[in-house]
Amino acid sequence: MSEVLDGYEQWLKGAWLTLQLTVYGSGVALVLALVFGLAGTSRHAWIRVLNRVYVEFFRGTATLVLLFWFFYALPLVGIRLNSTMFAAVLALGLNIGAYGAEVVRGSIKAVPRAQYEATIALNFTPLQRMRRVLLPQGFALMLPPFGNLLIELMKGTAIVSLVGLTDLTTVSKNLQSSTGETVASFSLVLVIYFVIAQILQLFVRFAEARVDRMLGRRPSREPELGTLAAGAPGAGVAS
Amino acid sequence: MPPTDTTPEKDAAPLRGSAPGIRFEKVIKRFGSNTVLRELDFTVAPGERVTLIGPSGSGKTTILRLLMTLEKPDGGLIFVGDDPLWHMDRGGKRVPANQKHLHEMRKRIGMVFQQFNLFPNMNVLRNLTEGPMRVLGVPRDEAVERAKGLLDLVGLADKIDAHPSQLSGGQQQRVAIARALAMEPQVLLLDEVTSALDPELVVGVQDLLRDIARQSDLTLLCVTHEMTFAKDISDRVLMFDQGQIVEEGPPERMFGEPSEQRTRDFLQAVLAT
Amino acid sequence: MEWDWSYTGDIIPDLLRGLRYTVIATLLGYLIAVVLGLVWALLRRTPNVVVRQVVRWVTEFIRCTPLIPQLFFAFYVLPTWGLTFGKLTVGVLMLGIHYSTYMAEVYRAGIADVPRGQWEAAKALNLPRTRVWLDVVLPQAVRKVIPTLGNYLIAMFKDSPLLLAIGVPELLTSARSVGARTFEYLEPMTMVGVLFIVVSVISSILLRRLERHYATN
């Protein structure tokens, strides 16, 4: 065990990479989720088609397959993503963003119609309706499934160990082979991932509590079927 | 103008002020195969207060929703003032309204909903200032001043920082009324504004609306099941059934000695509950 | 670089062999997940608070950590404890166990969704505990969660390439080895992508049908 702990500098480096991938990946995912999710609520059919194509395509793709394709196939058609890190962030962001887009679309649609009508009665422009009323209220519905997706994305970063980046998983593998401490290496890496996940969840809960207070709602702790389905990789949002 | 600023002749006669009138010409509205309004014609004079009564499904609420542009008519013309609501003039031809025209027309109209529909993501003050600031371009200070004045009017000055969920139904509805007035509409639509309230809260909201009706020169269209309130507030009562006007007249006559059997049946049924 | 159709045709048999492993791993893993998930959910309703808390944290732990290090753990650690399995067995087991923790949440929500009145009615009839669960609660809960459970079949299918981490010869592995042999990665990798999309889009269309079927009944 002590030999494994002696490698703490490697652990720190690995954890740092895992965190970076998580943060960048969720940034990309969030932007894509908002853009394509809002596209899914558009009045124009052709904009909604953009949403459908993006969501169906990237929800149907496995992240690892996407990453391998970026890694092995894309350079052959002359497109070289200038770092493996960038390819990984893109693959994770595109995939989780597709689930996120469904969450955004479903949440906006779930804002009561009466709220939309009130914005018309106050003569808001379509942009103001979205920005001032629908999006802020939809945001409260988005947060719990977004929390699930964040954990999914963090877990997803482990795929980079299969294309040669030194993240937590790679570090555990390296230390296992250099020290022979199999149990210690792989137990420790799982515990570190767990701790990261718990910290991320704390952040999300904190945000949820704030939004609930802002909307004057009583927070509900236990997830319901709808939000579970939304957070599930491979699942649509119940809208 | 909000009633606080204007306060013209109290207890003045109807037909005052410069508020626009309303005219329906052969208006048709269908929901699927169900025709709610069949070639409906009626006129509301500028500054007139009209109450629409009738059984549920008779099309009263649809009239308000058409005026608020929440529903689109399937035929006919609706005028607010001199301009058609759902149509505009282009090269001498009447064409369906675009968003810009609707935006212009909506400036004249305000609505209070049965379920209040306050924005839960904003406190009371922001509910009142958001529209004036973002839509009318009123400077913040002025919007806040106006909001304070309106909260005084509705008797909720102390709730300015409260959150909608901290208010009772009656208080929420009073804020919603203030929110509608903050947009300085010339036509105010009241859609069963006391139906969702607990009985003990109804009176407060009704008293407020009576004051507003007395002090302002708004054109008022009101759908309600509260006949005493309708009597107090309106110059004229229209009785609807199946998308048509069955009977109309001043409230004293409509409630006192209605001439149509259907009106008598309806009033009896309402009073019995 | 040009797309080579005849090369594409040549590698298809290799890829289909890989796809067979992918499908087997997914289906067997799914079976484990569906059953084990229900076990977790029921254990979380036992009167024993220790059992409840242990199950809660164990499932939370498995759900919050990535599958790849879990596969490493099972693949390298279990033999040191005298348990030796083949690659595919370890892969199927871990895939199943990993997703059982998701299923547990789905079942839990489904059970919580059964109206209070149903429990009270069962109690009023004085039904024994097992009958309440088997005849009243579970049939209603399971019916509600079937579409959601179906979604996890697709999710597991898409996570099955991770098994290449421990050398299971699934679809992506075979594409990589084909590519390594010929130095032509474009066609095998693209074909894998296409296969994954085709299978998941078709299954999600089928699932939506199933969902509608359960929604209307």
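Q: What percentage of the 273 residues in chain B is buried?
A: This is a predicted model: local features need pLDDT of at least 70, side-chain atom pairs count only at pLDDT 80 or more, and totals for chains, interfaces and linings use all residues. Residues are numbered from 1 along each chain as its sequence is written, chains are lettered from A and ligands numbered from 1 in the order in which they are written, and side-chain values use heavy atoms, leaving out hydrogens and water. Buried means under 20% relative accessible area, exposed over 50%, and partly exposed in between (1.4 Å probe, protein chains only). In chain B, the buried share is 55%.

Q: Why does the radius of gyration of chain B agree with that of a compact globule?
A: The radius is taken over C-alpha atoms, and the globule rule is 2.2 Å times the number of residues to the power 0.38. For 273 residues a compact globule would come near 19 Å, so chain B agrees, with a value of 19 Å.

Q: How many helices and strands does chain B have?
A: Helices (H or I, at least four residues) and strands (E, at least two) are DSSP runs, numbered from the N terminus. The count for chain B is 10 helices and 12 strands.

Q: Why is helix H2 of chain B largely enclosed by the rest of the structure?
A: H2 covers residues 60–67 of chain B. The buried residues include B:Lys60, B:Ile63 and B:Arg65. The helix is largely enclosed because the buried residues number seven of the eight.

Q: How far apart are the end C-alpha atoms of residues 183–204 of chain A?
A: UniProt (unreviewed entry) lists this span among the "transmembrane region" stretches of chain A; positions follow the numbering used here, feature names are shortened, and annotations may be inferred rather than shown by experiment. The span is 100% helix and 0% strand. Its end C-alpha atoms lie apart by 32 Å.

Q: What percentage of residues 19–207 of chain C is helix?
A: UniProt (unreviewed entry) lists this span as "domain: ABC transmembrane type-1". Its end C-alpha atoms lie 21 Å apart.
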